[in-house]
Structures are given as C-alpha cells and as structure tokens.
Amino acid sequence: MSVWAVLAAAGSGERLGLDRPKAFANLRDRPLLAEPLERLEACDWIDSIVVAVPEGWEEPAILLAEELGTGKVVACVTGGATRAESVRAAVAEVPDDASVIVVHDAARPLVNDEIVERVLKPLGEGFHGAVPALPVADTIKRVQGGEVVETVDRGDLVAVQTPQAFLADTLRSALGGDVAEATDCSSLVEAAGGRVAVVEGDHRLLKVTEPADLELVEALLSGE
C-alpha cells in the first residue's frame, strides 16, 4: 500500500501578527514547518510527501526540506486561496497508483506515528476516510446577533483534528467539485457519500493560531 502525505502549509500568519506565512513562524529557532516535515519524514507509515505553501514561498520550503534531509518530499506546490484548494493542488502531484493520501496541517506540528497509524487502520475496514477527534468539553451555544438562541447538546459533538486519511481515489473525486466552503477534507468526502470513521485524537495536536499557541507547542516539545 502506497501512502502519500499532503502537508498543507499555505496559511497566512496574520493572526500571529507575522510578516510571513504561518508555516514559517519561528518555533525553537527554526520555521514551524520543520517540525511536521521531520516527523512525517521519520514516520514509517508515510512513503512520500507533497507540501503546499503560499505563492512566493516555494523555494524557501524546498531549501528547508533539503536542509532537513527530508528525502520523502517529492514536490512543493503553490497553495490556493483556501485550504481545500491548496490540498487539491498538492493532490494533483500524487501519482495515480497511490493507495492512500494522508492530509495534515502544518499548523499542527506535533504529529506522531501513533496518530497516523490510527487514521490508516479504518481504511482497511471498509471506510473511505478517517479523522482523529476529541470530545467537546465546553458547553456549546448557538448565538445570533450577540444573543444566545440555543444550547447545543454536546453529547454527539467532537472537535476534529488532522492528520486525516483517505482512499486516494475517494479524495480525488471529492476534490473535483466546488471546494470553496470546505473547512476540511472530511466534509468533502462526507458530502460525496463517503464513509468516514472517527478515531481517538491527541491533545498534543493543537493548532497554532495565536502567539500563545506557539508557546504551548514549545512547552510540549521541551517535555519530550
């Protein structure tokens, strides 16, 4: 089984207050992108990697991959206006004979072998995809115009993370339509009628959005 990883790293750094893309934020004196690149490179489940970065940042990403010695990186593509469009551009570089595509956000740098194995397993059990998720701990309320209109039952709710794994043909087909409003690949596969399994997520897979998130990731790395 040929497993390819798509590393989505085309997000902006605006909410981090940066003058560069989020993937090139400083994490322990090197670009944030270096962390997930090294981890996917070392993962025995992953055969090859395609990276999607913002326009103009392709060369820095390629140079970083070379500096890290990440031989699994076979292409670096220009991302699109949305995350899904960036993934679609990266998937176009995955060969037709690939069996599985694992999509991961560079903004969740602490990916590990266990979580990759966890999302791959359901693909051999009749599912078209699999996502890691954590139970929703907080009370969820629906708000309109600054006023609470409903308290939502959180019993069936989960917070979904990446990496997400899909049968390659299923993901290609799901990416073939309108992807502008998609917030993750799973939603596209679900909309196309695919069966998506939910597996246990990992609290370490936090998403870097604010400056404080970078500090949390650094603290977690220090504890390893």
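Arg 15 is exposed, with a relative accessible area of 59%; here exposed means over 50%, buried means under 20%, and partly exposed lies in between (1.4 Å probe, protein chains only). The structure is a predicted model, in which local features need pLDDT of at least 70 and side-chain atom pairs count only at pLDDT 80 or more, while totals for chains, interfaces and linings use all residues. Residues are numbered from 1 along each chain as its sequence is written, and side-chain values use heavy atoms, with hydrogens and water left out.

The side chain of Arg 15 meets that of Glu 210 in a salt bridge, at 3.3 Å from N to O. A salt bridge is a side-chain nitrogen of Lys or Arg within 4 Å of a carboxyl oxygen of Asp or Glu. Arg 15 sits in the loop between β1 and α1, and Glu 210 in the loop between β10 and α7, so the pair ties together parts that are 195 residues apart in sequence. Helices (H or I, at least four residues) and strands (E, at least two) are DSSP runs, numbered from the N terminus. Glu 210 counts as partly exposed, at 35% relative accessibility.

The structure holds eight salt bridges. Another of them joins the side chains of Glu 35 and Arg 39, at 2.8 Å from N to O. These two residues are four apart in helix α1, and are therefore separated by about one helical turn. Glu 35 is buried, with a relative accessible area of 11%, and Arg 39 is buried as well, at 16%. The side chains of Glu 125 and Lys 121 also form a salt bridge, at 2.6 Å from N to O. Glu 125 is partly exposed, at 45%, whereas Lys 121 is exposed, at 56%. Salt bridges that share partners join Arg 30, Glu 35, Glu 38 and Arg 39 into one network.

The loop between β1 (3-8) and α1 (34-42) also contains Arg 28. The phi of Arg 28 is near 55°, a positive value in a residue other than glycine. Asp 29 lies in the loop between β1 and α1 too, and its phi is also positive, about 70°, although it is not a glycine. Arg 28 is partly exposed, with a relative accessible area of 44%, while Asp 29 is exposed, at 73%.

Which residues of helix α3 (residues 83-91) are buried? They are Ala 84, Ser 86, Val 87, Ala 90 and Val 91. Seen down the axis of α3, these residues fall within an arc of 155°, so they line one face of the helix; the arc is that of the directions from the helix axis to the C-beta atoms. The buried residues of α3 pack against β1, β2, β3 (73-78), β4, α5 (168-174) and α6 (185-191), where contact means heavy atoms within 4.5 Å.

Strand β4 includes His 104, which is buried, with a relative accessible area of 1%. Leaving out residues up to four places away in sequence, His 104 touches Val 6, Leu 7, Ala 8, Pro 36, Val 111, Thr 162, Pro 163 and Leu 205. Two of these contacts, Thr 162 and Pro 163, are themselves joined by a cis peptide bond, with omega about 15°. Pro 163 is found in the loop between β8 (158-160) and β9 (164-167).

The last stop is helix α7 (residues 211-222), where Ala 212 is found. Ala 212 counts as partly exposed, at 44% relative accessibility. Ala 212 and Glu 117 are 95 residues apart in sequence and 29 Å apart in space, C-alpha to C-alpha.
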